Amino acid sequence: INVKGVFYKYFLPASWAKETIAIFRAQTGIPIKQSGPIYRIPSSKPDAFEQGVINRFNKAENDKKPITKMGHIGEQKVYRYVSPIFINDEFCLKCHGSPKGELDMLGYEKEGLKLGDLRGIVSVAVPIEKK
């Protein structure tokens, strides 16, 4: 992955995470979702709880610690865990940086984010009781 002079090595954090999430869910039944204030895939749209957490993480005085809460998804009682994903590396900006609106290497529009900005969240909902 660290071959000098080779820019794109067919490894993207989001793709790796998506595959890992699929394997984990298949083996456990526990849903994990990557979402954010700007999402690229419709299934990544934040639900109301996730949007509230995103709003909190976007505040300057935010402590950047994961949020946990008991709640419901539909009728299912769940333990919710949401952790922030901040832009903490120049590599992230290749797809999510400037200029905003320019297409990245995969054909998505760049968001115009900067180092330190919130890119998104990882949201886990663990069922507490069987239905």
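User: How are contact and the angles between axes defined here?
Analyst: Contact means heavy atoms within 4.5 Å. Axes are lines fitted to C-alpha atoms, for helices over the stretch in contact, and angles run from 0 to 180 degrees between N-to-C directions. This is a predicted model, in which local features need pLDDT of at least 70 and side-chain atom pairs count only at pLDDT 80 or more, while totals for chains, interfaces and linings use all residues. Residues are numbered from 1 along each chain as its sequence is written, and side-chain values use heavy atoms, leaving out hydrogens and water.
User: Which strands does α2 lie across?
Analyst: α2 lies across β1, β2, β3 and β4, and runs at about 30 degrees to β3. Helices (H or I, at least four residues) and strands (E, at least two) are DSSP runs, numbered from the N terminus.
User: In what order do the strands form the sheet?
Analyst: The order is β1-β4-β3-β2, in an open sheet with antiparallel pairing; two strands pair if DSSP finds at least two bridges between them. β1 and β2 are the edge strands, each pairing on one side only.
User: How many bridges join β3 to β4?
Analyst: Nine bridges join these antiparallel strands. The bridge partner of R80 is A125 in β4.
User: Back to the helix: which residues of α2 are buried?
Analyst: F49, E50, V53, I54 and F57 are the buried residues of α2, where buried means under 20% relative accessible area (1.4 Å probe, protein chains only). They lie on the same side of α2 because they cover an arc of only 140 degrees around the axis, taken from the directions from the helix axis to the C-beta atoms.
User: What covers them?
Analyst: The cover includes β1 (32-35), β2 (67-73), β3 and β4.

Definitions and conventions. Buried means under 20% relative accessible area, exposed over 50%, partly exposed in between (1.4 Å probe, protein chains only).
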